[in-house]
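Welcome, and thanks for taking a look. Please open the model below and keep it at hand while you read.

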Amino acid sequence: MKRILIVYHSQEKGNTRKMAEQVLRGCLQVEDVEAVMVNTNDTRVDMDAAEAADGYALGSPDYYTYMAGGLKQFFDDICLASWGKRKVTHKPYVAFLSHGGGGGAIDSIASLARSMKLEPVAPSVVHQGEPDAETVEKCVALGKALAEHVKG
């Protein structure tokens, strides 16, 4: 069974969480793939889980054209874990972002993903405000693309 870790930051019932739920839906459409969501606003990502994952879906709101601190902490943690020779880099990933009028934070996610040698699988989904039907479809497709990629 292949594993996907959906790492995102969202307030309790925020727009990024709604997008993460749709990415999860897409992941679960692929047989023999399991996915787990971790909201970095609630908890830090366990590095055992990060190492066991075959791919990552990374989501954040846009805070002043930068990703949320919890997602940045995830990048910091996998950086340190990789120095300890843990297998948390060189994995496929997708990204999604919600925003209230900016959207530039997707670049910060892509930049840190590149530095951690993560491989983008599909174009990121960026949406302003609450996810509409089109964004829901894009998020489902994003999760499915990642799941199909990790399944090989």
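Here is a short briefing on one helix and on the cysteines. Please keep in mind that this is a predicted model. Helix 3 covers residues 69-83, and its buried residues line one face. The structure has zero disulfides.

**Helix 3: length and end**
- With 15 residues, helix 3 spans 21 Å from first C-alpha to last, close to the 21 Å expected at 1.5 Å a residue.
- After helix 3 comes Lys-85, which has a positive phi, near 70°.

- Gly-70, Leu-71, Phe-74, Phe-75, Asp-77, Ile-78, Ala-81 and Ser-82 are the buried residues of helix 3.
- Viewed down the axis of helix 3, these buried residues fall within an arc of 165°, so they line one face of the helix.
- On the face turned away from the buried side, helix 3 carries the exposed residues Gly-69, Leu-80 and Trp-83.

**Cysteines**
- The structure holds zero disulfides, and Cys-27 is in none; its nearest cysteine sulfur, in Cys-139, lies 11 Å away.
- For the sulfur of Cys-139, the closest cysteine sulfur is that of Cys-27, and the 11 Å between them is too far for a bond.
- Cys-27 is buried, at a relative accessible area of 0%.
- Cys-139 is buried too, at a relative accessible area of 1%.

Notes: Residues are numbered from 1 along each chain as its sequence is written. This is a predicted model: local features need pLDDT of at least 70, side-chain atom pairs count only at pLDDT 80 or more; totals for chains, interfaces and linings use all residues. Side-chain values use heavy atoms; hydrogens and water are left out. Helices (H or I, at least four residues) and strands (E, at least two) are DSSP runs, numbered from the N terminus. The expected span of a helix is 1.5 Å times one less than its number of residues. Buried means under 20% relative accessible area, exposed over 50%, partly exposed in between (1.4 Å probe, protein chains only). The arc is that of the directions from the helix axis to the C-beta atoms. A disulfide is a pair of cysteine sulfur atoms within 2.5 Å.
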